[in-house]
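Reader: Hey, can you walk me through this one? I'd like to start with the overall picture and then pick a residue.

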Amino acid sequence: MTVHKALTVAGSDSGGGAGIQADLKTFQELGVYGMSVLTALTAQNTQGVHGVFPVPPEFIAQQMDAVLSDIGTDAVKTGMLFNSIIIETVAKKLKEYNVRNYVLDPVMVAKGGAPLLVTEAVAAVKEHLLPLATVVTPNLPEAKVLTGMEKIETKEEMKEAAKLLHDWGAQHVVIKGGHGTDDIVTDLLYDGREFVELSAERFHTQHTHGTGCTFAAAIAAGLASGKNVREAVKQAKVFITAAISHPLCIGHGHGPTNHWAYRREGSNDV
């Protein structure tokens, strides 16, 4: 029996909707053995982030050594990395263990507006992580910060942003369109040669906490399972669309997505 494995290097969400909790749920639903390295603890629920406690970089490195030197992994996904020291630590370990199938989710701001990446760390993401990324998955605000573009609203502007991020080292770029206003949400995948559009109906709901984490984790799970990037991204798009369209409706704010919806959708038991 072949066991496909994926590692998430990210922050913890005590509310369970985002971060390593969302990633591990996604890995499990897609048939991948999940492992985790914590970069920060958050006191968090559907109403916001109430506290952040970064993990010391030395212990992050120790966690990565423990997992990668023994169990190994078929894919790595990074989420909340918080500051430049943590980013440099993670990048060093990704290179040391020659990690392939690396999905970079450039987490910057929580749904409620709390910063999850300090401003000075943006340059570190571009310098140390983009050149290692198999796939980078910014939403529109994150793409603006990374590229320095004044606005990214049209399809042509999304393409321009994707080209910049590819030029700076990412092998594949997915510019997510969820922050747009159209009734159809279109994500744009770019591999340096051609663009692929992935579209789905927009569901008007406040229960979207953890969508970015979940989408990137689903890509990592697909890559870990042996899918190519286009196949993995397409599966992730279907996975996150199901998760959003069957909300759990828990909490009093931005509720989490439904991580078991993809598996249960066919049985109508969602």
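This is a predicted model: local features need pLDDT of at least 70, side-chain atom pairs count only at pLDDT 80 or more; totals for chains, interfaces and linings use all residues.

Reader: What radius of gyration does the protein chain have, and what would a compact globule have?

Author: The protein chain has 17 Å. A compact globule of 270 residues would be near 18 Å, so the two agree. Along the principal axes, the C-alpha atoms fill a box of roughly 45 × 40 × 40 Å.

Reader: What share of the residues counts as buried?

Author: 55% of the 270 residues do. As for the surface, the protein chain exposes about 11900 Å², with carbon and sulfur atoms supplying 51% of that.

Reader: Switching topic: how many positive and negative side chains are there?

Author: There are 23 positive and 29 negative ones, and the centres of the two sets lie 3 Å apart.

Reader: OK, let's zoom in. Where is aspartate 23?

Author: Aspartate 23 sits in helix α1, which covers residues 19-29.

Reader: Is aspartate 23 buried or exposed, and why?

Author: Buried, because its relative accessibility is 0%, and the cut-off for buried is under 20%.

Reader: Which side chain joins aspartate 23 in a polar contact?

Author: That's lysine 77, and the contact between the two side chains is 2.8 Å.

Reader: And what else is aspartate 23 in contact with, leaving aside neighbours within four places in sequence?

Author: Besides Lys77, the list has Thr8, Ala10, Cys213, Thr214 and Ala217.

Conventions. Residues are numbered from 1 along each chain as its sequence is written. Side-chain values use heavy atoms; hydrogens and water are left out. The radius of gyration is taken over C-alpha atoms; the globule rule is 2.2 Å times the number of residues to the power 0.38. Buried means under 20% relative accessible area, exposed over 50%, partly exposed in between (1.4 Å probe, protein chains only). Accessible areas come from the Shrake-Rupley method with a 1.4 Å probe; for residues, only the protein chains shown count as cover. Lys and Arg count as positive and Asp and Glu as negative; His and the chain ends are not counted. The place of a charge is taken as NZ of Lys, CZ of Arg, CG of Asp or CD of Glu. Helices (H or I, at least four residues) and strands (E, at least two) are DSSP runs, numbered from the N terminus. A polar contact is a pair of N or O atoms within 3.5 Å; within protein, one must be able to donate a hydrogen and the other to accept it, and residues adjacent in sequence count only if both atoms are side-chain atoms. Contact means heavy atoms within 4.5 Å.
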